[in-house]
Amino acid sequence: MLKARLLLILLVNSWLLGAYAQAEPKDMPATRNLDTIVVGAGCFWGVEKRFEAIKGVVDVVAGYADGKGIEPNYRAITQYTNKHNPNNHAEVVQITYNPTVISLDVLLQRYFEMHDPTQLNRQGNDVGTQYRSVILTNSEAQAGIAQQVLIAYQVLLTKAGYGAITTQIKSLVKFYPAEDYHQDYLAKKPNGYCPDHSTGVRFEDNIKSIPMVDNTALLNGKHILVIDAEDFCPYCKKFKEDVAQGYKGDIPMHFRYATQLNGLVLKTPTWATPTILLVQDGKEVFGRQGYMSPEQFYLLLGKFKLGDSEAFNVAFEESTDARFCKQYEIFKNTPDGIFVDKLSGAPLFDTRDRFDSGTGWLSFTKAVDGAVIEKPDNSYGMRRTEIRAKVSGIHLGHVFDDGPNGKPRYCINATVLDFVAR
């Protein structure tokens, strides 16, 4: 009886599974809720990355579309003969999104906000028909929404002093995915920048996210100004992690969006993020677009802060202070406190580990834990161990094994240090 009942249960379950499989379509309900749209807004690397960061976007693929008679590949569309060819393919991205999370009109609002749709066949320094602004729809409903958003944005742009929108709205004929190396390009490339050609004009519901700032403090003295991305930019994140996070120097570092630079006199274009600007009394002294490694940043900061000085030569050319130099005389008898990196502000040595070696250079029995790195130095026919600051990488001096009571002697140049009382 029990065996018969078990057999019956197995048969019923088998029948139910078979019926369910026949009734259930291949595409699951979640899949049916997704939609796609193809847009072009200049170089597809930055466009892809910005849409990927939007909640409700499921996938973004870089590719080519809206051309004819031209091979849909990067080599063909970038040929000089196709630069002004109206039949050239555009660099586009195919966006797969969930309409229950983000509506198409909001998605297209973000699209218009992330580039300058009034520029014809270009975005910033990228010039050619491949960089045109275009929306390629898959239905009349999508085309209608795109037209409504375009009209609404034109009103805002006109009010802000911009010209006519050049964005074309067409039906998608075919989308061609770009080569593999173009997919997630900004995430793959270790150094570079995220292009940002936005006008700064935003729809009302998004204006509150970009606050106005007071730049009065930047009008006096030296400052480091970093142009940050309003949307996600891997190079901005990398710069913050590699450089800004460890920086504690006495030249203030400020982060601003390109729309928050009021009152400053700048020369370097601010459409790339990050852009690092050195500013004095509100005016740019030097600007560099793109990610900077710690080595590059501190060399630049050294020029800005130290100029042509003995301290710069010591820090970056591995020079040595003169014995009993002026800075040594100031630092040899300070109160209780910490000696810090002159550029990064990172703690390096403690007065409690200082001793008078009689050499004419500052001497310590140890460095602050984790503050320095040691490197072999075989210059001038000698075998020594060089000491460098871990954060900034600048040259500090050497370490020897002739300190008091069998301890090391860290022989350190005073000109590359600052002192902070405890």
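How many bridges join S19 to S20, and in which sense do the two strands run? Six bridges join S19 to S20, and the strands run antiparallel. Strands are DSSP runs of E with at least two residues, helices are runs of H or I with at least four, and both are numbered from the N terminus; two strands pair if DSSP finds at least two bridges between them.

The model is predicted: local features need pLDDT of at least 70, side-chain atom pairs count only at pLDDT 80 or more, and totals for chains, interfaces and linings use all residues. Residues are numbered from 1 along each chain as its sequence is written, and side-chain values use heavy atoms, with hydrogens and water left out.

**Stop 1: the six-stranded sheet**

Select S17 to S22. These six strands form an open sheet in the order S17-S18-S22-S21-S20-S19, with antiparallel pairing. Strand S17 (354–355) and strand S19 (372–377) stand at the edges, each with a single partner strand, so one side of each has no neighbour in the sheet.

Five of its six residues are buried, so S21 is largely enclosed by the rest of the structure; buried means under 20% relative accessible area, exposed over 50%, and partly exposed in between (1.4 Å probe, protein chains only). Strand S20 (residues 384–389) is joined to S21 by four antiparallel bridges, and Arg388 stands opposite His395. The hairpin of S20 and S21 has five residues between the strands, and Gly393 in the turn has a positive phi of about 80°. S21 also runs antiparallel to strand S22 (residues 409–412), again over four bridges; there Phe400 has Arg409 as its bridge partner.

**Stop 2: strand S13 and its partners**

Select residues 275–280, which make up strand S13; five of these six residues are buried. Strand S10 (residues 222–227) pairs with S13 in the antiparallel sense over six bridges, with Ile227 opposite Thr275. Strand S14 (residues 283–289) is likewise antiparallel to S13 and joined by six bridges; Ile276 stands opposite Arg288. Two residues lie between the strands in the hairpin of S13 and S14, where Asp281 takes a positive phi near 55°.

**Stop 3: helix H10**

Select residues 294–306, helix H10. Its 13 residues should span 18 Å at 1.5 Å a residue, and the end C-alpha atoms are 17 Å apart, which agrees; the expected span is 1.5 Å times one less than the number of residues. Among the buried residues of H10 are Phe297, Tyr298 and Phe304. The buried residues of H10 pack against several elements, including S10, S13, S14 and helix H11 (310–317); contact means heavy atoms within 4.5 Å. Now display Lys222: its charged end sits over the ring of Phe304, 5.0 Å from the ring centre (NZ of Lys or CZ of Arg within 6 Å of the centre and within 35 degrees of the ring normal). Just after H10, Gly307 takes a positive phi of about 60°.

**Stop 4: aromatic rings**

The structure holds 15 aromatic pairs. In Phe312 and Phe316, the ring centres are 4.9 Å apart and the planes are at 35°, so the pair is tilted. Rings of Phe, Tyr and Trp (its six-membered ring) pair if their centres lie within 6.5 Å; planes under 30 degrees apart count as stacked, over 60 as edge-to-face and the rest as tilted. Phe312 is buried, with a relative accessible area of 5%, whereas Phe316 is partly exposed, at 24%. Finally, select Phe331, Phe339, Phe349, Phe364, Tyr410 and Phe419, which form one aromatic cluster.
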